[in-house]
Amino acid sequence: MEQSPFELMRKLTVQLGGVLSPIDMHAMPQDTQKAALPIRQQLIDARLEVRDYELAETRAEQRKAAEGAKERLETLQQSILAASELGIFSAADVAQFSAQIQQIISLLQ
């Protein structure tokens, strides 16, 4: 059975949180903080957009939520890539998270 976009988003949230939680953001250099801190908020925003997509009552509402969610997910993916350049995420993390994000985007129609 295929998982819903929101279920996939929850899994992504848990996995990203697992990487970010042990990191003391305030002990990092400022440029690293600037790359990493927005990821948590972008993740929350994307999760809320995906939730709105699934709870939409009309096709128009669903399309609008899908558009917003896709934009937020693409921004999140770019932020993960930028943070990896500063050593926060490994290449394997980036590949895994990018694949998950693309899978969620593909389900938002």
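User: Which residues does Leu76 contact, leaving aside neighbours within four places in sequence?
Analyst: Leu76 is in contact with Leu12, Leu16, Ile39, Gln42, Leu43 and Ile101. Contact means heavy atoms within 4.5 Å. This is a predicted model: local features need pLDDT of at least 70, side-chain atom pairs count only at pLDDT 80 or more, and totals for chains, interfaces and linings use all residues. Residues are numbered from 1 along each chain as its sequence is written, and side-chain values use heavy atoms, with hydrogens and water left out.

User: Which members of the largest nonpolar core touch the most other members?
Analyst: Leu12, Leu73, Leu76, Ile80 and Phe89, out of 29 residues. Such a core is a set of buried Ala, Val, Leu, Ile, Met, Phe, Trp, Tyr and Cys residues joined through side-chain atoms within 4.5 Å. Buried is under 20% relative accessible area, exposed over 50%, partly exposed in between (1.4 Å probe, protein chains only).

User: Which elements give two or more residues to this core?
Analyst: Helix 1 (5-20), helix 2 (30-55), helix 3 (59-84) and helix 4 (91-107). Helix 3 gives the largest share, seven residues. Helices (H or I, at least four residues) are DSSP runs, numbered from the N terminus.

User: Switching to packing. How do helix 2 and helix 3 cross?
Analyst: Their axes come within 8 Å and cross at roughly 160 degrees. Axes are lines fitted to C-alpha atoms, for helices over the stretch in contact, and angles run from 0 to 180 degrees between N-to-C directions. Helix 2 and helix 3 are therefore roughly antiparallel, the word for angles over 145 degrees.

User: What residue classes make up that contact?
Analyst: 13 nonpolar, five polar and four charged residues. Ala, Val, Leu, Ile, Met, Phe, Trp, Tyr, Cys and Pro count as nonpolar, Asp, Glu, Lys and Arg as charged, and the others, Gly among them, as polar.

User: Back to Gln42. Buried or exposed?
Analyst: Buried, with a relative accessible area of 17%. Gln42 is in helix 2. Not counting residues up to four places away in sequence, Gln42 touches Thr75, Leu76 and Ser79.

User: And at what angle do helix 3 and helix 4 pack?
Analyst: About 175 degrees, with their axes 10 Å apart. Helix 3 and helix 4 are therefore roughly antiparallel too.

User: Which residues meet there, in helix 3 and helix 4?
Analyst: Leu73, Leu76 and Ile80 are among those from helix 3. Helix 4 brings residues including Phe97, Ile101 and Ile105. By class, the contact has nine nonpolar, four polar and two charged residues.

Key. Parallel < 35°, antiparallel > 145°, perpendicular 65-115°, else oblique.
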